[in-house]
Each structure stands twice: as structure tokens, then as C-alpha cells.
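Hi everyone, thanks for having me. Let's look at a protein model together, and please have the sequence and structure in view.

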Amino acid sequence: MNYLTYLPVFGKLPKEQQDALTNTAFIRKFSKSEILHNGSQDCTGLLLVISGQIRAFTISDDGREITLYRLFERDICLFSASCILNSIQFDITITAEKDTEVLVIPSEAYKKIMEVSAPLANYTNEVMASRFSDVMWLIDQVMWKSFDKRLADFLLNEASIEGTNTLKITHETIGKHLGNPREVVTRMLKYFVNEGLLTLSRGTIEITDEEGLQRMLD
């Protein structure tokens with residue numbers, strides 16, 4: 001199967017450009033927690049998710065992580081090929097949250113076509129705008145939303161992603177997603193437990209009052 005057909009723009013490209021991308025793209029598999037891309041100097045190439053789940057995050061000077069966005073099947077990551085984005089440099093690390101298979105589109109091959117193809121250039125701008133929107137949403141959350149609301153929102157989204165209210169996730173992992181120390185996460189989770197919203201056990205959080213968490217966001 002040619003996974004490049006996952007790109008909405010692929011069918012709009014002339015055959016020679018389709019062939020050029022098809023002939024240079026290759027599949028890579030990553031195990032859970034494996035690093036796919038590390039920093040702005042690492043021009044890995046564009047990553048098209050075939051299966052699995054990846055996380056893009058940034059690290060502060062004191063070593064704290066915060067998730068910028070997460071990508072799922074058929075999503076594409078441009079910032080792993082930051083060298084094709086003129087004058088835009090991001091120190092972003094990308095890891096596999098689950099065992100993941102991606103199609104890697106080499107940066108130079110993509111850039112060569114993008115420079116002469118209006119459809120591909122437009123598509124690239126749309127994807128880039130979407131990712132910037134994700135980052136701006138995050139900034140808004142961090143600056144203006146209280147931590148209890150951010151944590152409630154994260155837990156509800158995680159339950160939606162996993163398809164279950166029983167979440168196999170540690171307090172430290174939540175802290176890395178939200179940019180907060182583990183101790184802060186633990187205190188707020190215990191508050192949620194006291195409010196009858198959750199139960200906690202080692203490595204597991206069970207949402208017992210989904211509507212109660214949802215009301216916190218209203």
C-alpha cells in the first residue's frame with residue numbers, strides 16, 4: 001500500500017511528483033518511548049503516522065517537559081523536518097507513546113517538490129497553521145486556566161483516546177504532559193479523589209464521575 005495516499009494533497013500532484021515522493025519515502029518502526037526526533041538540529045524528515053501514537057514536546061532549561069501536541073494515525077508531523085521551514089527553528093522532541101509505525105518523507109525530496117507545487121505548498125501551510133494553533137491553545141491553557149481544569153480536561157481527553165475510563169498512566173507522565181511537577185499532579189489527583197471524581201491505584205487512575213470532571217470545565 002502507498003501510505004502517501006493518506007495525504008489529502010497527494011492525488012492533486014502530477015505523476016512524476018507522486019513517483020518522486022513514493023520512491024524516496026520509507027517506513028520506520030519505533031517502540032514505545034523511543035525517540036523519533038530530537039531538537040531543531042535533527043532534520044529527520046516529515047513523519048506520517050501509519051499506526052500508533054506520537055508526542056511532540058519541549059523541555060525547559062530546568063528539565064521540565066510539556067506536551068505541545070500529539071499525533072495519531074494519518075496525521076503528519078512537519079516540525080520533524082524543521083530545516084524545510086525557512087527561518088523557523090523549534091527545539092522539539094518527538095517520541096512514540098505506543099509502538100508506532102511511520103512513513104518518513106525525506107526533507108529534501110519534499111522541499112524540492114514543495115518549491116514548485118502550489119498544492120503541496122498550500123497543504124504544508126495548512127498543516128503548519130494547525131500545529132501553531134495547537135501551540136497557541138496550549139499557551140492559552142497554561143496562562144489562563146487553573147490547574148484543576150487543565151488536569152480534568154487532560155483526563156477526559158485521555159479517556160477518549162484510550163476508549164476507557166481506567167487509565168494506565170503515572171502521575172509523573174501526567175506532569176510531563178502538563179508541564180507541572182509530579183508532586184503538584186499528585187496533590188490535585190488526591191483532591192479529585194476526595195471529591196469522588198476518581199479512584200487511584202498504583203499506575204492506574206479510574207474516572208468514577210465523568211460528568212463531575214466535565215462540569216469543572218463549564
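This is a predicted model: local features need pLDDT of at least 70, side-chain atom pairs count only at pLDDT 80 or more; totals for chains, interfaces and linings use all residues.

Residues are numbered from 1 along each chain as its sequence is written, and side-chain values use heavy atoms, with hydrogens and water left out.

Let's begin with the sheet. Four strands make an open, antiparallel sheet in the order β1-β8-β3-β6. Because β1 (26-30) and β6 (76-77) each have a single partner strand, one side of each is left without a neighbour in the sheet. Strands are DSSP runs of E, at least two residues, and helices are runs of H or I, at least four, numbered from the N terminus. Two strands pair if DSSP finds at least two bridges between them. Strand β3 (residues 46-51) is joined to β8 (residues 100-105) by five bridges, and Leu46 sits opposite Ile105 in β8.

Now, the pockets. A pocket is an open set of points on a 1 Å grid over the protein atoms alone, where a 1.4 Å probe fits, with protein on both sides within 12 Å along at least five of seven lines; lining residues have an atom within 4 Å of a point.

Which residues lie nearest the centre of the largest pocket? They are Lys32, Ser33, Glu97, Thr173 and His177, out of 19 lining residues. α5 gives the most to this lining, three residues. For the second largest pocket, the largest share of the lining comes from α4, with six residues.
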